[in-house]
Amino acid sequence: MTKLSVNINKIATLRNSRGGDTPNVVQFAKDVQRFGAQGVTIHPRPDERHIKYQDAYDLKPEVYTEYNIEGNPIPKFMEMVLKIQPTQVTLVPDSIDTLTSNAGWDTIKNKGFLVDVISEFKKKGIRTSIFVDPDLNQIEGAKATGTDRIELYTEAFAHQYNLGNQKAILPYAECAKLANNLGLGVNAGHDLSLDNIQFFKQNIPDLLEVSIGHALISESLYLGIENVVNMYKNKLK
């Protein structure tokens, strides 16, 4: 069964819109785990427009499943992750002004940088994952960095699937197969939803984990968070 990690950034966005502490992100993380989520994901950005760096520290003692922290490994981010020591760190090459993640790493061009960063995290026993586009050359490049896993950037698949193009899954399946052959674990995320998750899961060999936030939280407005978490888990079996 593929693990479901719930990205709670949108809960922090809602909280920040009023300047208080409602909804409380720590309580929400506790709740989604109680409802069956097998992990909690956060993606703090330098401007702290949703998840704040303090949230990352506050969540540490309350996440008893898998704690996944995503972000661009700038010095402040690296310092935080090395102190918290989550289950997994997912490296994402988003710039400071990026609204949401919109591209994977060029693992070939950035090999030296990624090798250095990943080695620092692995010294602390933190599992590492690299956000990548579905490109075979980039998967091979990821292997050379020493990462434990890749996270396939699934926006293109989700967009094409919504248009009825099921063949959009093919490059993802090929990349997952190559990653498995190279000994890399495969995660996935971005724009996965209740509409497309089962098809994605059925076509990606040995998919270990999906990280889902925006769609899951949006769907929960209509269906309820506990119900939605379990709907995802059923589709990921």
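Mentor: Two strands pair if DSSP finds at least two bridges between them. Strands (E, at least two residues) and helices (H or I, at least four) are DSSP runs, numbered from the N terminus. The structure here is a predicted model, in which local features need pLDDT of at least 70 and side-chain atom pairs count only at pLDDT 80 or more, while totals for chains, interfaces and linings use all residues. Residues are numbered from 1 along each chain as its sequence is written, and side-chain values use heavy atoms, leaving out hydrogens and water.

Trainee: Which residue in S7 stands opposite Leu152?

Mentor: Ala188 does. Strand S7 (residues 185–189) runs parallel to S6, joined by five bridges. S6 also pairs with strand S5 (residues 127–132), in the parallel sense over four bridges. On that side, Leu152 is the bridge partner of Val132.

Trainee: What do S5, helix H6 and S6 make?

Mentor: First the convention: point the strands away from the viewer, and a crossover is right-handed if the path from the first strand over the helix to the second runs clockwise. S5, H6 (residues 136–145) and S6 form a right-handed β-α-β unit.

Trainee: Why is strand S6 largely enclosed by the rest of the structure?

Mentor: Burial is judged by relative accessible area with a 1.4 Å probe and protein chains only: under 20% is buried, over 50% exposed, and in between partly exposed. S6 (residues 149–153) is described as largely enclosed because five of its five residues are buried. Arg149, Glu151 and Tyr153 point one way from the strand, Ile150 and Leu152 the other way.

Trainee: How is a helix read in these terms? Which residues of H10 are buried?

Mentor: Ala215, Leu216, Ile217, Glu219 and Ser220 are. Contact means heavy atoms within 4.5 Å. The buried residues of H10 pack against strand S1 (3–7), helix H1 (9–16), H2, strand S8 (207–212) and helix H11 (225–235). After H10 comes Gly224, with a positive phi near 90°.

Trainee: What does Gln33 touch?

Mentor: Leaving out residues up to four places away in sequence, Gln33 touches Val40, Glu62, Val63, Tyr64 and Thr65. Gln33 lies in helix H2 (residues 25–34) and counts as buried because its relative accessibility is 5%.

Trainee: What should I look for in the backbone angles?

Mentor: Most residues other than glycine have a negative phi, and most peptide bonds are trans. The bond from Thr22 to Pro23 is cis, with omega near -5°, and Pro23 sits in the loop between H1 and H2.

Trainee: Where is His190 found?

Mentor: In the loop between S7 and helix H9 (197–203). His190 is not a glycine, yet its phi is positive, about 110°. Asp191, found in the loop between S7 and H9, has a positive phi near 65°. His190 counts as buried at 16% relative accessibility, whereas Asp191 counts as partly exposed at 40%.
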